[in-house]
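Trainee: Please put the structure up. I have questions about its secondary structure.

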Number of protein chains: 2
Amino acid sequence: MKATIYDIAREAGVSIATVSQVINGKGKISEKRRAEIMEIMERLNYQPSAIAAALTGKQTYTLGLLVPDISNPYFAELARAVEDRSRQLGYSVVICSTDNKDERVERYLNLLQQKKVDGMMIGTGIRNAGILTPLLQQSIPFALIARHMPSLAVHTVATDDRLGGALAAQHLLDLGHTRVAVLSEPARVSSSQERLRGFREVLEKAGYTLAPERIRESTAELNAAKAAVLELLGQSAQPTALFCCNDIQAIGALQAAKELNLRVPKELSVIGFDNTILASVTSPPLTTIAQPIEELGRHAVDLLIEELKQERQPARNMILKPWLVVRESTTKAPG
Amino acid sequence: MKATIYDIAREAGVSIATVSQVINGKGKISEKRRAEIMEIMERLNYQPSAIAAALTGKQTYTLGLLVPDISNPYFAELARAVEDRSRQLGYSVVICSTDNKDERVERYLNLLQQKKVDGMMIGTGIRNAGILTPLLQQSIPFALIARHMPSLAVHTVATDDRLGGALAAQHLLDLGHTRVAVLSEPARVSSSQERLRGFREVLEKAGYTLAPERIRESTAELNAAKAAVLELLGQSAQPTALFCCNDIQAIGALQAAKELNLRVPKELSVIGFDNTILASVTSPPLTTIAQPIEELGRHAVDLLIEELKQERQPARNMILKPWLVVRESTTKAPG
DNA sequence: TTGAAAGCGATACCAA
DNA sequence: TTGGTATCGCTTTCAA
């Protein structure tokens, strides 16, 4: 059986209170006793029960992270960043994939609460902000990553998606593209809507319009994206450039183009969003809008942990700047 | 403050024991009481404390998963599979990235123990099998994914790496390649060594040899792999084909080839391993050995949970078959 | 069908 | 410096 604090105390001939002090480096214990007790803990391979400690109100040193899909490289890279920073600071992370379903978000939120995580980071879309109110009521610290809930006063770390969309549009305009199309994510993904908005604004300011039939939606799955793009390109008056709201979709676009024997970028320029590892390995390599993924993760963790230490901070809103990474999937408009 | 079982009991005018029975659907409680208590729990937004329950010996319904790097798509896809299956079965998963360092593995192992996870899955390399003995002693169920510890009698789910290597070699031989090279992972990654072994065996059986200078090692990082391949290709008598022990390395190889103006597959055939999303998006798309990632994850979870239910099973060893996926990065040997 | 009470393994306050 | 003990929230006999 596992050794408990009682075993250690008995073995050392002291009380459990003393052992507890040694474990936590509190109180005044004589050097001799301390060494003695440490030695016994070592010998019995004693691991204090985090469960029991948590029950008495101690922190669990665990954070929760909700993402839609950990197998999407963007979220995997984000998770990695969150995990790295957390570990540096002595916390561990429970990662949950929600598939962008409110029902699952709710289940995981409950689960994490029951497990008494010290804080949560939410990087998944939520349709109904209401499911977050229990968290607020019980004042469990949390932060949103790359999502916005304007109705709630919570910490937020995000990329300036609108600017990202604008950068994409400007890049295409600079290359002379005026007949452009967009592959966006479903309306529930607010970041995607912002990207679309920024894109459209720049386009319109330049005197062009983005007709509704030039916009398609798909999830962030390769095949869904590919199918959507096939439809999009089936139209008369094909666009000369396509803005996709994430790299996976952009890859779906590359594959669709290939299937239609459309050469990228010669006949169709494609620009993505995220700048995950995917963007650097495609053929042609993907021009894309880069998100500061590592920073997003790091700041979210920092914000959360800061809040843990000093009670209720005013909600902060960090907006990080995206930037354009030009590779080989975009070029001058034909003609 | 959060409601506890006492609040519910008081409100309902019953004892906490009764409430506990209702929560767990045990014992015989009158329909009326049950409904009453349920209603109160609902109203007070009561969430039983998983922490307190765990302390009394109940399961935590949490599993641990150790991988070297969650931002590597192979492990991200594996984690996704593990998570999906676990959720189906009512468990949640704590994912930890170890960076292939024993020291971190040990830390996480302790952490997971302290958190009293019900079982662990280890998909990370371990140099010193000794750090697993505490787990065995305390009979915490665990399973190895895609790793082998022949010295330990533990559940193992893995791909037949040797066969995978053999398939790769056979494919290259079939295409007429005899001057081949290998990019493997460091010796501590046993799966990689097995792939190399299988590859070499087939090659030698066909009467060819794999000279030491034709083998390079690198980690599973893009840049490291690229650098290693640049060295490898710098030799006189360049190989006509290259087998890489994972897709990321293969991509590093594609990039190195590009830098050297070597056309793939015309002048250099490249074959990878894993068949992650990466393989389908590169240029050219990557011929690779596919691992049944989803099955690996699923079986590992099933094995573990089976063990949780029925005490100590004999250690099982599931070896799943890899297969060849031919895309466009390999072709007939020149000449 | 329900309740009283003894743990589970730690923490922390108050005495000694 | 140390120890006694109440406490955290829940599960689980054993009685009633």
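This is a predicted model: local features need pLDDT of at least 70, side-chain atom pairs count only at pLDDT 80 or more; totals for chains, interfaces and linings use all residues.

Mentor: Residues are numbered from 1 along each chain as its sequence is written, chains are lettered from A and ligands numbered from 1 in the order written, and side-chain values use heavy atoms, without hydrogens and water.

Trainee: Which residues of helix α2 of chain B are buried?

Mentor: Buried means under 20% relative accessible area (1.4 Å probe, protein chains only). Helices are DSSP runs of H or I with at least four residues, strands are E runs of at least two, and both are numbered from the N terminus. Helix α2 of chain B covers residues 16–24, and its buried residues are B:Thr18, B:Val19 and B:Val22.

Trainee: Why do the buried residues of α2(B) line one face of the helix?

Mentor: An α-helix has 3.6 residues a turn, so residues three or four places apart point the same way. The arc is taken from the directions from the helix axis to the C-beta atoms. Seen down the axis of α2(B), the buried residues line one face because they fall within an arc of 100 degrees.

Trainee: What do the buried residues of α2(B) pack against?

Mentor: Contact means heavy atoms within 4.5 Å. The partners belong to chain B: α1 (5–12) and α3 (31–43).

Trainee: In which sense do β10(A) and β12(A) pair, parallel or antiparallel?

Mentor: β10 (residues 287–290) runs parallel to β9 (residues 269–274) of chain A, with four bridges. On that side A:Ala290 stands opposite A:Asp274, and in β12(A) its opposite is A:Trp323. Three bridges join β10(A) to β12 (residues 323–325), and the sense is antiparallel.

Trainee: Is A:Asn72 buried or exposed?

Mentor: A:Asn72 sits in the loop between β1 and α5 (73–88) of chain A. Leaving out residues up to four places away in sequence, A:Asn72 touches A:Ala220 and A:Ile248. Its relative accessibility is 9%, so A:Asn72 counts as buried.

Note on methods:
Buried means under 20% relative accessible area, exposed over 50%, partly exposed in between (1.4 Å probe, protein chains only). Two strands pair if DSSP finds at least two bridges between them.
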